[in-house]
Amino acid sequence: MRAIVLVGGEGTRLQPLTLCTLKQFVPILNRSLLEHLLLHLRSHGVLDITLAMTRHSQQVEEVFGDGASLGMRIEYVYEEIPLGSGGAIACAAAEWTEPFLVCNGDLLTSLDVTAFIAAHQAKEAVLSISLHEVEDPSPFGVVVLGEGDRIVRFVEKPPRETAPSRMINAGTWLFDPALLDEMDGTQFNRVEDVLFPSIANAGRPMYGFMHRGFWLDVGNPDVYLYANLALLQGEYPERLPAGWPANGLATAEARVDAGAQLDAPVLLGAGTVVEADATVRGPVVIGSGCVIGAGATVTRSVLWDDVTVEADASVSDSILANGVHIGAGARVEGAVFGQGASVGAGSVVPPGTRVAPDTQWIPE
Ligand code: GTP
């Protein structure tokens, strides 16, 4: 089974993290979001991947190349302008004659892809959509299921009060190649807006496949932080780093002072230093080359690479991108710092603060 992964989006909602880093490269437990997805597909024997891209995401090709380093075969199809999901699929699969899988490229999901494919084949569906139940379905496509899990209605982003169910399009689809004749690869269009509702309205064989396991659409900083912390707490154990220690303290590549205190789960990257009397209160993910200064405290946060938290500073419920600098004694809570951003000694950064890359945060 070949798969298309859609990776051409702008990642606007994940700003300021995505102002210097592609959405597909944001780190989840110190490994890129896209690599997690590819490894998940590989675990289900899906090895032939076409990444549907825009020029904006060209760096993905430089990193993954032909896929050999992952034991996969990866090719790239570029859109000169963003074509949306419909245009991207129509371009990437133009010559294909077998059923194929399509994944949104910003998903973290334990979906049983093998069972999904088997159900699609058994039902002779033209289209199958993986589903997930959520509390608030309004930001998603919402489906109504009929007999035998047939999708009888598909409504894109309904107001919460009128949503016909809480079952949503979970962003992984199986297409029969006959659908390509109905798709347009020349201009922007989204399958969620036109194709999916029209197939449901026409009563054609479109089926839902309920996924009750781990599922996140890593679209904004809150979900991004939650994704890291939930994985670290073992909610999707397959995605923990290899050799995850039983005590939940993955510190083998770091240098931790004997006087520092670490509360599991904590993941520290290569060359990171935790100095005397510092406290790291998990769940916390820290990348490589970071320094947590003497007496500093880091709680429920994700720090990328080369971040410095100076002595006696505290960081909680926050995301600090590459190269961020937190001055001595500063307090940062519920904030997101873009790459290279900083805050001076002793400052108190209020919850909800977003700091643009290479900017020093200054109180108003
Ligand atoms: P926002 O700008 O925050 O909405 O994020 P996004 O641009 O990633 O959009 P969205 O979350 O709706 O995209 C879902 C998936 O489709 C992501 O993996 C995107 O990279 C991808 N995607 C979105 N638009 C396009 C497009 O025009 N072309 C391609 N090839 N992929 C797209």
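**Sheets, salt bridges and a charged patch**

In this predicted model, 6 strands form an open sheet with parallel pairing, in the order β16-β19-β22-β25-β28-β31. The edges are taken by β16 (261-263) and β31 (348-349); each has a single partner strand, so one side of each is left without a neighbour in the sheet. Within this sheet, strand β25 (residues 314-316) pairs with strand β28 (residues 331-333) in the parallel sense, over 3 bridges. Here S314 stands opposite R331 in β28.

A negative surface patch is made up of D257, E275, D277, E310 and D312. One of these residues, E275, sits in the loop between β18 (273-274) and β19 (279-281). The relative accessible area of E275 is 32%, so E275 counts as partly exposed.

Strand β1 pairs in the parallel sense with strand β6 (residues 100-104) over 5 bridges, and R2 stands opposite F100 in β6. Strand β1 also pairs in the parallel sense with strand β4 (residues 48-54), over 5 bridges. In that pairing, L6 stands opposite A52 in β4.

Next come the salt bridges. The whole structure contains 14 of them. In one, the side chains of R2 and E75 meet at 3.3 Å, N to O. This pair links distant parts of the chain, with R2 in strand β1 and E75 in strand β5 (residues 73-79), 73 residues apart. R2 has a relative accessibility of 33% and therefore counts as partly exposed. E75, with a relative accessible area of 40%, is partly exposed.

Another salt bridge joins the side chains of D106 and K23, at 2.7 Å from N to O. These two residues are 83 residues apart and again belong to distant parts of the chain: D106 is in the loop between β6 and β7 (107-109), and K23 is in the loop between β1 and β2 (27-28). Both D106 and K23 are buried, which means that each has under 20% relative accessible area.

Salt bridges can also be followed through a group of residues. E156, K157, R190, E192 and D193 are linked in a network of salt bridges. Between D193 and R190, the closest N and O atoms are 2.9 Å apart. D193 is partly exposed, with a relative accessible area of 42%, and R190 counts as partly exposed at 22% relative accessibility.

Conventions
Residues numbered from 1 in each chain as written. Predicted model: local features only at pLDDT ≥ 70, side-chain atom pairs only at ≥ 80, totals over all residues. Heavy atoms only, no water. Pairing = 2+ DSSP bridges. Helix = DSSP H or I, 4+ residues; strand = E, 2+ residues; numbered from the N terminus. Patch = residues over 30% accessible without salt bridge, like charges linked within 9 Å, V, L, I, M, F, W, Y side chains within 5 Å. Areas by Shrake-Rupley, 256 points an atom, 1.4 Å probe, with all protein chains shown as cover. Salt bridge = Lys/Arg side-chain N within 4 Å of Asp/Glu carboxyl O. Lys, Arg positive; Asp, Glu negative; His and termini not counted. Charge placed at Lys NZ, Arg CZ, Asp CG, Glu CD. Buried < 20%, exposed > 50% of the residue type's maximum accessible area, 1.4 Å probe, protein only.
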